[in-house]
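Subject: Structure handover

Hello,

Here is the structure I said I would pass on. My notes on the helices follow below it.

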Amino acid sequence: QITTLINHKDKPKRSDKTLQAIQRVGQAVNLAVGRFVTVGEAIANENHELKEEMSVACIEARRAGETIAQLTDVASLDHPESDSHITIFTDKTGVVKAARLLLSSVTKVLVLADRIVIKQIITSRNKVLATMEQLEKVSSFQEFVQIFSQFGNEMVEFAHLTGDRQNDLKDEKKKARMAASRAVLEKCTMMLLTASKTCLRHPDCESARINKDGVFHRMRLALEQVIEIVTDSRPNGENEMAPISIYSGIKEFKNKVEGLRENLYFLSKENLSTMLEVILEHTEDFTDSAYTSHEHREHILELSKQAKMELEQLVSVWMQAQNQKTKDLMEDLEVAILKTCQCMNELKREVHSAATSLAADLLKYHTDHMVLKALKITGVEGNLEAVAEYTCKLSEQKDQLVEMCRLLRHVSGTEPLEITCIHAEDTFQVTGPQIISAAETLALHPSSKIAKENLEVFCEAWESQLSDMSLLLREINDVFEGRRGEKRVYLSLPRPGKHNANLKALKPVRLDTEEQAKIAKLGLELHLLTSDVDSETEKWEDQENEIVQHGQGMSSMAYSMYLFTRGEGLLKTTQDLFHQAEIFATEGTKLASALHALSDQVPDDDKPLLLLEAEKLISMCKQLQITAKASAQGKSATFTKVDACILKTRNVMTLLCQLLPLCCKLLRKNKAGNGCLKPAPPWKEGRIRTGTNARTPERRVDTFGIKSLENHVTNMTFLESK
């Protein structure tokens, strides 16, 4: 708008339409500045250390906006030139000065606001680090639970701050690095929970301690990298030295070679030779790799030799052309340039083929996760010899996958994908030994449920990374074949709508005050039902019973949905609610499976009733899933869908209130070995329950069904209550 004002043409004759347009633009600028300054002033009031600077910048911006409005107040003037009123037509330099002042002051406000955001992230990181230190030193389970609850809240805050920052970053490379660091923090939070629990359960186990220390160390590195990106700095003033990939090296080399067409003197032959030497040195990563096929190795070596010869020929013609620019020499130079570039293209194609074919073969070979399955089985059996055998196989697999990532980085094609390859390499490098230490711990304590759960968590991280590699390989091939250009990495934490195919229908919105009022009664009913379910689950002495676990999980999710109706909790948008409803329904289906398993243990007289209730639960959960997945466009349709999801969740919870006492009664009657009379292990005596009296938004779990950081950290209270 400012550009429009300054660039307007000074025509002698101006129509009313032109005058009105100029005035509208000036008023729009002033209104926009007013809104902008209001936000700046609010930020200033909340941050006293920058209040004075921010206030001055806001005053300057407001004054400049008002000046522009005054100078463009021309619509009512029939003859602006003859009027004493100064306007854009009589004082265009005044508009230019006001525009410069406005842009300067707005920039200052933005810079100050940015400093505040950076400070918030650093402060949040420091809080997380301080709490992590406390977590490392705890010796009692009860103390761990209390501190982890605080840690969870701090991590959620850090995730939100860094997520917003990631979206604001313009540099795709920084954005990719931020996404990778946040992905590490997301996965490590759950690892930290189970690894710490295992250490507390088995305090004298060396492998459990190694496992836990590895998680803490990786989280600290990720936190440090986030701060490096945010502050644009490196520790001790070091410069970041990112390894050069073959792709980027070839691209730069070709640019220099093709530049000779325009300028024969802009670089030396030594520079060009050095660049090629660096590229060929990197091809040794392929030729020296044990996993590169003989055919690919031979082709790469042949093309490397040919590239040297083509460059020698190019340099020879180039040097002659510098001395005398004859037509023949310039034609020879053009041929030499084309042949050199063609050779480099063939080399690029060959290394791409070598890397991607190796990756495809490895990912296909390891897709069954046989080694991980074997480790879980032999660990539970306490077979230390077999565990040692399979850990060796996992180490071999890790070396293969690390090598695959290194080779893929060379051919990734874009910096964000290059960083994703480096992140994947680090993940395999670190997770492999962590799986091994977790498996050794389980083998030493084969009856330990927490050691088993811990191994599961690390194995899931490995499987998840393998799955990510398939996506990464597809993107690398897409870039190579020109189907896509620069593309954002996919490692960032889940965003609303990411898991639903109908993206147009998933514009995330919140309930307004009127909608909250309409749904308040239904939300309150849901709240009361979660209290009833909690009361029933507390009556079970065996808190690890599968039915209790599913019941508690459903109660936690239902409570988060109740908080949503009040505009509170971690479910911020309607899409969050719909996704939560889907996972709630999935948890209900799992509970139905547990009921079927229970029916095999109870007398025949009780079986029909239990199966009938299980079928009823399955039907209700299917209906909820259908509702949650249905598309809804427009405010009215979205609210109707919210209302239906809450209503069907309430119906499921009503059935759950009837099921829990029935199941407990049947188990008591049957005196099953795994029933509710089984005593809880003594080491969990200090566990925290999530009963009605203890319920607060902070203490409750909003069990997000997505693999986000919020899922892991807010699941803590619920997990520990088990």
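To begin with helix α7, residues 206-231: its 26 residues should span 38 Å at 1.5 Å a residue, and the end C-alpha atoms are 38 Å apart, so the two figures agree. Asp 232 follows α7 and has a positive phi, near 60 degrees. Please keep in mind throughout that this is a predicted model.

Helix α15, residues 449-480, passes the same kind of check. Its 32 residues should span 46 Å at 1.5 Å a residue, and its end C-alpha atoms are 47 Å apart, which agrees. After α15 comes Gly 482, with a positive phi near 80 degrees.

Next, the helix pairs. Two packed helices are described by the angle between their axes and the distance between the axes.

Helix α8 (residues 246-259) and helix α11 (residues 327-365) have axes that come within 10 Å and cross at roughly 170 degrees. An angle over 145 degrees counts as roughly antiparallel, so α8 is roughly antiparallel to α11. From α8, the residues in contact are Ile 246, Tyr 247, Ile 250, Phe 253, Lys 254, Val 257 and Glu 258. They meet Ile 337, Thr 340, Cys 341, Met 344, Asn 345, Leu 347, Lys 348, Val 351 and His 352 of α11. By type, the residues of this contact are ten nonpolar, three polar and three charged.

Helix α18 (residues 574-599) packs against helix α20 (residues 635-670) at an angle of about 25 degrees, and their axes are 11 Å apart. Because angles under 35 degrees count as roughly parallel, α18 is roughly parallel to α20. The crossing of α18 and α20 is left-handed. On the α18 side the contact is made by Thr 574, Leu 577, Phe 578, Ala 581, Phe 584, Leu 591, Leu 595 and Leu 598. The α20 residues include Val 642, Cys 645, Ile 646, Val 652, Met 653, Leu 656 and Leu 659. The contact of α18 with α20 divides into 16 nonpolar residues, three polar and one charged.

Last, the aromatic rings. The count comes to six aromatic pairs. One of them is formed by Phe 148 and Phe 151, which are 5.5 Å apart centre to centre with 55 degrees between the planes, a tilted pair. Why are these two separated by about one helical turn? Phe 148 and Phe 151 are three residues apart in helix α5 (residues 141-168), which means a separation of about one turn. An α-helix has 3.6 residues a turn, so residues three or four places apart point the same way.

Regards

Technical notes. Residues are numbered from 1 along each chain as its sequence is written. This is a predicted model: local features need pLDDT of at least 70, side-chain atom pairs count only at pLDDT 80 or more; totals for chains, interfaces and linings use all residues. Side-chain values use heavy atoms; hydrogens and water are left out. Axes are lines fitted to C-alpha atoms, for helices over the stretch in contact, and angles run from 0 to 180 degrees between N-to-C directions. Helices (H or I, at least four residues) and strands (E, at least two) are DSSP runs, numbered from the N terminus. Angles under 35 degrees count as roughly parallel, over 145 as roughly antiparallel, 65 to 115 as roughly perpendicular and the rest as oblique. A crossing is left-handed if the near helix is turned anticlockwise from the far one by less than a right angle, and right-handed if clockwise. Contact means heavy atoms within 4.5 Å. Ala, Val, Leu, Ile, Met, Phe, Trp, Tyr, Cys and Pro count as nonpolar, Asp, Glu, Lys and Arg as charged, and the others, Gly among them, as polar. The expected span of a helix is 1.5 Å times one less than its number of residues. Rings of Phe, Tyr and Trp (its six-membered ring) pair if their centres lie within 6.5 Å; planes under 30 degrees apart count as stacked, over 60 as edge-to-face and the rest as tilted.
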